[in-house]
Amino acid sequence: MALPDGLVIRKYQPIDRDAVRRLCCETGFLGKPIDPVFQDRELFADYLTSYYTDYEPESSFVVEQYGEVKGYLLGSRRPTRQQLHGIFLNISLFVRGMLRYRGYNRATRDFIGWVLRNSWKEVPAAPRKTAHFHFNLLPEVQGLAGTRELINRYFAHLRAHGEKAVFGQVVTFESRRGAAVFGRYGFQVVEKREITKYRHLHPEPVYLMTVIKQLDEESPSPQAIASSEPANVH
């Protein structure tokens, strides 16, 4: 399946760091800018992207359209190192957040309160020693061919290093069929939990779910993928 004109999928490079962080923040609130929910873009991007861009860049890919980064897949096949990094990163984020707390608006303070009180209870179970990824595409590059190529590039990277399985965590809700695209690639849902932070911000319940795939299973054909209805994935 050929890529549309102007669309390029390639390995992440250090020059892409700012674009990846900006895209992360521009789509951080259910595909919209994160600012109405959490105003500190630096901390938000650090939490979601810094490990992948700074410590395991070889496992990440970007989607370009006419030379502009419009999407990314950030992955890791070194879960122990990523989890260790996460411990120190969380300490750093907490300290920086508390130092800036007085300058935050009400919405940001409420978000911090939810993180401290509830977020850890609302994250679904995930395998601790398995490669993982998350990806984010702007609407204009969410076509079937590009999405398929992006995921397959990452699968090939994992298989080349002997990985046997991969998981992801997906934000989804009823009118946005984010889970459907993963089912096309043989992923199975492990667990799904509601993210209560969004109850007063979105008309439908919002869920975070864990999906997993065994990499020794054959990927479905392009025809089988195309027979399913499109989905927006973030």
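## Nonpolar cores

A nonpolar core here is a set of buried Ala, Val, Leu, Ile, Met, Phe, Trp, Tyr and Cys residues joined through side-chain atoms within 4.5 Å. In this predicted model, the largest such core has 32 residues, and Ile34, Phe38 and Tyr72 touch the most other members. Helix H1 (17-26), helix H2 (41-54), strand S3 (68-76), H3 and H4 each give two or more residues to this core. There's also a second, separate core of 23 residues, with Ile9, Val63, Val141 and Met209 among them.

Back to Ile34: what does it touch once neighbours within four places in sequence are set aside? The contacts are Cys25, Gly28, Phe29, Arg41 and Phe44.

## A link across the sequence

Not counting residues up to four places away, Leu201 touches Phe29 and Val37.

Nonpolar side chains tend to be buried together in soluble globular proteins. Still, there's a nonpolar patch on the surface here: Leu84, Ile87, Phe88, Ile91, Phe94, Val95, Met98, Leu99, Val115 and Leu116, with about 980 Å² of accessible area together. Helix H3 (79-100) and helix H4 (106-122) are the elements that give two or more residues to the patch. H3 provides the largest share, eight residues.

Take Phe94, found in helix H3: its relative accessibility is 44%, so Phe94 counts as partly exposed.

Note on methods. Residues are numbered from 1 along each chain as its sequence is written. This is a predicted model: local features need pLDDT of at least 70, side-chain atom pairs count only at pLDDT 80 or more; totals for chains, interfaces and linings use all residues. Side-chain values use heavy atoms; hydrogens and water are left out. Patches are made of residues with over 30% relative accessible area and no salt bridge: like charges are joined within 9 Å, nonpolar side chains (Val, Leu, Ile, Met, Phe, Trp, Tyr) within 5 Å. Accessible areas come from the Shrake-Rupley method with a 1.4 Å probe; for residues, only the protein chains shown count as cover. A salt bridge is a side-chain nitrogen of Lys or Arg within 4 Å of a carboxyl oxygen of Asp or Glu. Helices (H or I, at least four residues) and strands (E, at least two) are DSSP runs, numbered from the N terminus. Buried means under 20% relative accessible area, exposed over 50%, partly exposed in between (1.4 Å probe, protein chains only). Contact means heavy atoms within 4.5 Å.
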